[in-house]
Amino acid sequence: MAETANPEKGNRKVEVFDTEEDLAVSLAKYTADLSDKICQERGAFTVVLSGGSLINSLRKLVEPPYVDSIEWGKWHVFWVDERVVPKDHEDSNYKLAYDGFLSKVPIVPGNVYAINDALSAEGAADDYETCLKHLVKNGIIALSSVSGYPKFDLMLLGMGPDGHLASLFPGHPLVNEKEKWVTFIKDSPKPPPERITFTFPVINSSAYNAMVIAGAAEATAVHLALGDAKNSDKLPVELLSAEGELKFFLDKAAASKL
Ligand SMILES: O=C1O[C@H](COP(=O)(O)O)[C@@H](O)[C@H](O)[C@H]1O
């Protein structure tokens, strides 16, 4: 059973689920409904994944009815951040998503855009940005008429207990990057240190952003992001928005300090 915490604020919605299982069920329906709508509207669905616990929360998508009903052939899959490690490394967000999700659904392999793991962090970020520019040019990724940045259809995001999202960490200058679409970090406070990440202007230009948070470890950051606290140094999660809709999927533990 879900309840809506904090009434709507702008285009932000917050739903709290009794259990992480209920959350996963609702997240699958939300993603499948958007996939249906957007595949019909534009013939392609650009989905951005994060790493971490998010992938496990997508587990209902690889089961009936969704495994059979979603137009997987129209999906184009990206990563909001990636660790600069080989694709078969335990720390790879690609490997996590492939093992837990992508290998279980008929997405076209050529529509899965992993980073080039043969490059340095800087090279991989530039290469990924070039790939995005090419896909904007040929109309697979939309371009926001509001911001001028790429407008992905749906980003499925997670948050760490410190309030970071993607590889944008509290107090790190990358949080303020406005020029690049994709940038790199070599001193990530969370290992591994070398990563690439979408920047906030790209993340916040997304049509739909789903922020998925389960567990008590994140409750303080959730409270700062969604509660009435007035903190001057904003956490990355507090800077999150979306052009269309930003929806928080929380379990009771994550929402326990609201
Ligand atoms: O390092 C990362 O952490 C965040 C949060 O992960 P979680 O396990 O606490 O949900 C993740 O969203 C990001 O993609 C990943 O690289």
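A polar contact is a pair of N or O atoms within 3.5 Å; inside the protein, one atom must be able to donate a hydrogen and the other to accept it, and residues adjacent in sequence count only if both atoms are side-chain atoms. What you see is a predicted model, in which local features need pLDDT of at least 70 and side-chain atom pairs count only at pLDDT 80 or more, while totals for chains, interfaces and linings use all residues. Residues are numbered from 1 along each chain as its sequence is written, and side-chain values use heavy atoms, leaving out hydrogens and water.

**View 1. Side chains of Arg83, Asn93 and Lys190 reach toward the ligand.** Start with Lys190, which has a side-chain N or O atom 2.8 Å from a ligand oxygen. For Arg83 the corresponding distance is 2.9 Å, and for Asn93 it is 3.2 Å. The protein covers 92% of the 390 Å² of accessible area (Shrake-Rupley method, 1.4 Å probe) that the ligand has on its own. Around the ligand there are 15 residues (a heavy atom within 4 Å). Gly51, Ser53, Asp81, Arg83 and Lys190 come nearest.

**View 2. Strand β10 pairs with β5 and with β9.** Strands here are DSSP runs of E with at least two residues, and helices are runs of H or I with at least four, numbered from the N terminus. Strands pair if DSSP finds at least two bridges between them. Strand β10 spans residues 195-198. With β5 (residues 81-83), β10 forms three antiparallel bridges; Asp81 has Thr197 as its bridge partner.

**View 3. Strand β10 is covered on both faces.** Look for Arg195 and Thr197 on one side and Ile196 and Phe198 on the other.

**View 4. Two Pro-Pro peptide bonds are cis.** Most peptide bonds are trans, and most residues other than glycine have a negative phi. The bond joining Pro64 and Pro65 has omega of about 0 degrees, and Pro65 lies in the loop between α2 (54-57) and α3 (66-69). From Pro191 to Pro192, omega is near -5 degrees; Pro192 belongs to the loop between β9 and β10.

**View 5. Ala166 has a positive phi.** Its phi is near 50 degrees, although Ala166 is not a glycine. You will find Ala166 in the loop between β8 (154-158) and β9. Is Ala166 buried or exposed? Ala166 counts as buried because its relative accessibility is 7%.

How values were computed
Buried means under 20% relative accessible area, exposed over 50%, partly exposed in between (1.4 Å probe, protein chains only).
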